[in-house]
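Subject: Two-chain model, handover and notes

Hello,

Here is the model I said I would pass on. My notes follow it.

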Amino acid sequence: MNTLRAAWLVALKDLQLEMRSKEILTSTGLFAILVVTLGSLAFYTDPVSSPNVAPGVLWISILFCGILLIGRSWALERENDAVFGLLLAPIPRPSIYIGKTISALVLLFTIELLLVPLCLVFFQIEPAGIMLPLLALVFLGSLGFVSTASLFSAVGIRTRARDLMLSVLVFPLVAPALLASAVATRELFAGASMAEVIGWIRILTAFDLLFVGFGVWVSRHLLAET
Amino acid sequence: MKLDFEEVSVAGLAKSYGPTLALAGVDLRFEAGKVTAIQGSNGSGKSTLLWLLAMLAYPTRGEIRYGRYGVSRADELRGRIGFVAHQLQLYPGLSGHENLVLAAKLQSIPYAEKRATDLCEALSLGEYWNRPVRTYSRGQAQRVSIARALLHQPRLLLMDEPATGLDVRSTESFIDLIEQQKREGAIVLIVTHEAKFAGAVADRILHMDRGRIVGPEA
């Protein structure tokens, strides 16, 4: 079976489980809304300071939400040792990593589709003209983060220190992508045009290609043995 | 094309987990159409041997051959191996049938839904196959796990305590099922603590202690 078909089956299984339980979407979605709401209340903002504060609140919310979501997604695999059912199948090892990354990205982006408008409303930022580049930034930033976090979660199947490893290794690795996302979002909120943020989008795309490529390559070995 | 093999052999097989030696150099041969039962105390290396044969772990030393193929053909060989592990390796949120359909699709079995349904019926999973696995008793979940191992008609069938949780009637049909696998030429390897069950199904019974075979092939 080819890698993409197997990855699609793995992702579909995750989404099927989530559609049934709605556990991840409910818990992480509510958490994300809470962070944005608290952020908008805690920082007393005006039209001048809003564009500077909102990107930080938005990306902190996405970051924590993503960590929760990926942790829960891989916990499903550890329950009953279910992941070994996948490892017993005659499928290329990277397909498990790709499938888990796709499902986590779909779930995170679903939450972001609610989170972004909420953030714009709470921080009184005019959405006209920025929605498309903003969603592109959010998607690319999330892809870089999810692909890296999924890779380390895959390692976590075999280690007890998985949470420690996730926070110690993932945060420094994704820092460049998160910084690029936050700065580009701030510029966008401050009124920068698409042409002005395209450089950041290129940096994010390069980061994503690097980390997805690295993840696919490394997962072949990471998931090969227990 | 599926890889085929008539025997599985291990030579000098050893596995360490850090300082712990789980398997200390095992030499064995398993033939098609024969059932081998392995017994031994906890921690004697029985399950480790199965995990190595299932290619879920790699040996520290030694070699496993599946006929003329080695583990370098792992991705293809997995399509010929069925494994019933002690942990059931099923998704609790999916029904028994959905777990089987997923496994069948990952095994590239044509008409995956039909194959899963047929096996559900053959193993009398009928009345609960559409409920989530988390609502199953151990015995019911064990039957789904056995069904999954048989989905792709494996040449090598590895089972770790497969009779756990099965009632008397299910155990009898399970013994019939093993007989059928044997007739079809499968290489069957069963780890079990139950001497009576081992006696009923096995052509030979091996004993393990501290990572070694201590009888009767020691």
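Conventions and confidence

This is a predicted model, in which local features need pLDDT of at least 70, side-chain atom pairs count only at pLDDT 80 or more, and totals for chains, interfaces and linings use all residues. Residues are numbered from 1 along each chain as its sequence is written, and chains are lettered from A and ligands numbered from 1 in the order in which they are written.

The model scores are ipTM 0.88 and pTM 0.90. For chain B the mean pLDDT is 89, with 99% of its residues at 70 or more; pLDDT is the predictor's confidence in each residue, on a scale from 0 to 100. Helices (H or I, at least four residues) and strands (E, at least two) are DSSP runs, numbered from the N terminus.

Contact between the chains

Chain B gives 24 residues to the contact and chain A gives 21 residues. Two residues are taken to be in contact if their C-beta atoms, placed from the backbone, lie within 7 Å. On the side of chain B that touches chain A, the elements giving two or more residues are α2 (74–77) and α3 of chain B. The largest share of that side, four residues, comes from α3(B). By class, the residues on this side of chain B are 14 nonpolar, six polar and four charged. Here Ala, Val, Leu, Ile, Met, Phe, Trp, Tyr, Cys and Pro count as nonpolar, Asp, Glu, Lys and Arg as charged, and the others, Gly among them, as polar.

One helix pair spans the two chains: α1 (residues 3–21) of chain A packs with α3 (residues 96–106) of chain B at an angle of about 165°, with the axes 10 Å apart. Axes are lines fitted to C-alpha atoms, for helices over the stretch in contact, and angles run from 0 to 180 degrees between N-to-C directions. α1(A) and α3(B) are therefore roughly antiparallel to each other (under 35 degrees counts as roughly parallel, over 145 as roughly antiparallel, 65 to 115 as roughly perpendicular and the rest as oblique). The residues that make this contact are Ala6(A), Leu9(A) and Lys13(A) of α1(A), and Leu102(B), Lys105(B) and Leu106(B) of α3(B). Four of these residues are nonpolar, none polar and two charged.

Sheets of chain B

Chain B has an open, mixed sheet of six strands in the order β5-β6-β7-β3-β8-β9. Two strands pair if DSSP finds at least two bridges between them. β5 (81–84) and β9 (212–215) of chain B are at the edges with a single partner strand each, so one side of each is left without a neighbour in the sheet. Neighbouring strands of this sheet are turned by 25° against each other on average, direction ignored.

Helix α5 (residues 138–150) of chain B packs on this sheet and touches β5 and β6 (156–160) of chain B; its direction makes about 170° with that of β5(B). Helix α6 (residues 168–183) of chain B lies across β3 (35–40), β6 and β7 (187–191) of chain B, at about 145° to β7(B).

Within the sheet, β3(B) and β8(B) pair in the parallel sense over five bridges, and Ile38(B) has Leu206(B) as its bridge partner in β8(B). β8 (residues 204–209) of chain B pairs with β9(B) in the antiparallel sense over three bridges. In that pairing His207(B) stands opposite Gly215(B), and Asp209(B) stands opposite Arg212(B). The hairpin of β8(B) and β9(B) has two residues between the strands, and Arg210(B) takes a positive phi near 45° there.

An open sheet of three strands, also in chain B, has the order β2-β1-β4 with antiparallel pairing. β2 (20–31) and β4 (61–66) of chain B are its edge strands, each pairing on one side only. β1 (residues 7–17) of chain B pairs with β2(B) over nine bridges in the antiparallel sense, with Ser16(B) opposite Leu21(B).

A helix pair in chain A

Helices α5 (residues 94–122) and α8 (residues 194–222) of chain A pack at an angle of about 130°, with their axes 7 Å apart. α5(A) and α8(A) are therefore oblique to each other. The contact is made by Pro94(A), Tyr97(A) and Ile98(A) of α5(A) and by Gly215(A), Val216(A), Ser219(A) and Arg220(A) of α8(A).

Regards
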